[in-house]
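Visitor: I'd like to learn how to read a few features off a model. Can we walk through one together?

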Amino acid sequence: MTKRQAKPASERQSARRATSERAIERVPRGGKRKGKGGVQREADFVVIGAGSGGVAAARRAAAHGARVVLIERDAIGGTCVNRGCVPKKMLSYGGTLAAILSGCLSHTGGHEDWSDAIVRVNAEMARLHVAYTHRLQDAGVELLHGEATVTAPDQVQVGAETIHARRILVATGARPQTLPVPGGELAGTSDDVFTWQSLPASVVVIGGGYIAVELASILSRYGVKVEVLVRESRLLERFDHEIAAALAEALAAKGVRLHFHAEVTLLNQANGAIDVCYRQDGNGNGNGGGEGGKDRIHTVRAQAALAAIGREPQWEGLGLAALGVEKAEKGGIRVDRSFRSRVRSIHAIGDAIDGLHLTPVAAAQGRWLADRLFGRRGDRADFDTVPTAVFCDPAIGSVGLTEHQAIEAAGKAERIESVVRRFVSLENRFAGSEQASMVKLVVNARSGRVLGAHMMDNAAPEIIQALAVALRLGVKLSHLRTTVQLHPTVAEELFG
Ligand code: FAD
């Protein structure tokens, strides 16, 4: 490794400490050999999981000259490419095109076809698998297929191969939580939806987070009758409440039936369909809440049920707990600011740790860590101001503090000002829809600094990505108001 000499003294010391925790068996540099216990090889960096975080870390470390082995048990690209961002965004595009077409070209029908859309999604995934593999090969990363376990602080086992490494990175992601009620196994998850070759006529989606909302919106755009059971009193608990309420209205107007305060208690198979029983408290403001403050049990029948009730970090089968790696509050691997676990040679990033579970977050953590371990200390991404989106119809884009968070941080409501604007976009007018879009700026009343920006419109994710830079640089409301707008756009509504 050419850059090893360039490392700061503290890094060299910690590397020595890491390797002295257990003597590494020496094998010829870059080589592998067969011993009694199968193939042995040596690496500087073993990365477990070829998802967004693992691939980014592996490529960056290899670019610094490290010998990197990347292990994946499934398809390359992880959740984002195979079961997350990419397939859902493509399906969402398909559904929106159908909605626009059927609005403005109703004489042509303009229906989107799921089985055709899935073929296009699968073609893109296949293209990405090849592209990822080539990029990793070009970077000099060795890709191994198999299930990895960590057998010592500097040792990873994949089938008959033992890899000795100075550093191990756990980038094993998260998996959907199963529904903890009788019959819960009858509900599928987001993973299953992307394997469906055809659609059920009706689906019950259980959950109110962004994955539940996206699935409900996508499926309904492909003609599925969708009911959503939300345990809380609103959708998208972590998003601005006003935007979430506007979205609930918009989804309801598009035919998605939302039931709030709905606690699922039981699932039953019923003549080829599924009965989902839920308890709704007497104050439920969803459809059919109990009267007089009494809880009522309801049943909704559909051809399929999907549980989107959260995702749990997956690392417990890796053998890490036995080595002293600890669990954090939300079930992820406990790491310090440098993504190092309690075992000094073992690091973790992405959905395998607590924090924001998003593709760019995992990738930024992976690159930063690889720079720190094998190159020069790079600039750390700002993990406090992360833009995020919900790819439903209409879409949500959000960055910075919600109004609620800003008031909590400021201590008094009068210290925070909110600027809210509702309008019908030209796109919607053209499609013959009165669907309102919304922008909301959360501002420090005294300084005028914009603390948060939240939008509901199909253009929102693109706009909010760019606005995130302005927020990080401390943009004020007066800056937005004195910037000449680009007309006619949806973005100009933020500047008015
Ligand atoms: P992953 O991408 O999950 O990769 C982990 C990899 O490790 C997997 O490939 C797995 O097979 C492998 N692995 C696990 N254990 C082992 C083992 N023992 N041996 C070998 N390999 C192993 N994020 C966004 O930013 N935008 C979005 O729009 C978005 N949409 C999403 C939609 C859905 C439906 C879902 C489920 C997620 C979405 N996300 C989105 C979140 C995003 O996909 C994740 O945050 C991101 O993929 C996390 O990357 P990761 O590298 O931590 O884990």
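Guide: We'll go through the ligand site, then a loop residue, then the cysteines. Keep in mind that this is a predicted model.

Visitor: Which residues are closest to the ligand, and how many surround it?

Guide: The shell has 37 residues, and the closest are G53, E72, T79, K88 and D351. By type, the shell splits into 13 nonpolar, 16 polar and 8 charged residues.

Visitor: Which element gives the most to the shell?

Guide: That's α3, with 4 residues. Elements that each supply at least two include α2 (52–63), β3 (68–72) and α7 (210–221).

Visitor: Which atoms of Y210 and G53 lie by the ligand?

Guide: For Y210, a polar side-chain atom sits 3.1 Å from a ligand nitrogen. For G53, a backbone N or O atom is 2.8 Å from a ligand oxygen. R73 also uses a polar backbone atom, 3.3 Å from a nitrogen of the ligand. Overall, the protein covers 96% of the 990 Å² of accessible area that the ligand has on its own.

Visitor: Where is T189, and why does it count as buried?

Guide: T189 is in the loop between β8 (174–176) and α6 (190–193). T189 counts as buried because its relative accessible area is 13%, and the cut-off is under 20%. Leaving out residues up to four places away in sequence, T189 touches P176, L306 and A307.

Visitor: And how many disulfides are there?

Guide: A disulfide is a covalent bond between two cysteine sulfur atoms. Searching the whole structure turns up 0 of them. As for individual cysteines, C277 is buried at 11% relative accessible area, and C392 is buried at 3%.

Note on methods
Residues are numbered from 1 along each chain as its sequence is written. This is a predicted model: local features need pLDDT of at least 70, side-chain atom pairs count only at pLDDT 80 or more; totals for chains, interfaces and linings use all residues. Side-chain values use heavy atoms; hydrogens and water are left out. A disulfide is a pair of cysteine sulfur atoms within 2.5 Å. Buried means under 20% relative accessible area, exposed over 50%, partly exposed in between (1.4 Å probe, protein chains only). Contact means heavy atoms within 4.5 Å. A residue is near a molecule or strand if one of its heavy atoms lies within 4 Å of it. A polar contact is a pair of N or O atoms within 3.5 Å; within protein, one must be able to donate a hydrogen and the other to accept it, and residues adjacent in sequence count only if both atoms are side-chain atoms. Accessible areas come from the Shrake-Rupley method with a 1.4 Å probe; for residues, only the protein chains shown count as cover. Ala, Val, Leu, Ile, Met, Phe, Trp, Tyr, Cys and Pro count as nonpolar, Asp, Glu, Lys and Arg as charged, and the others, Gly among them, as polar.
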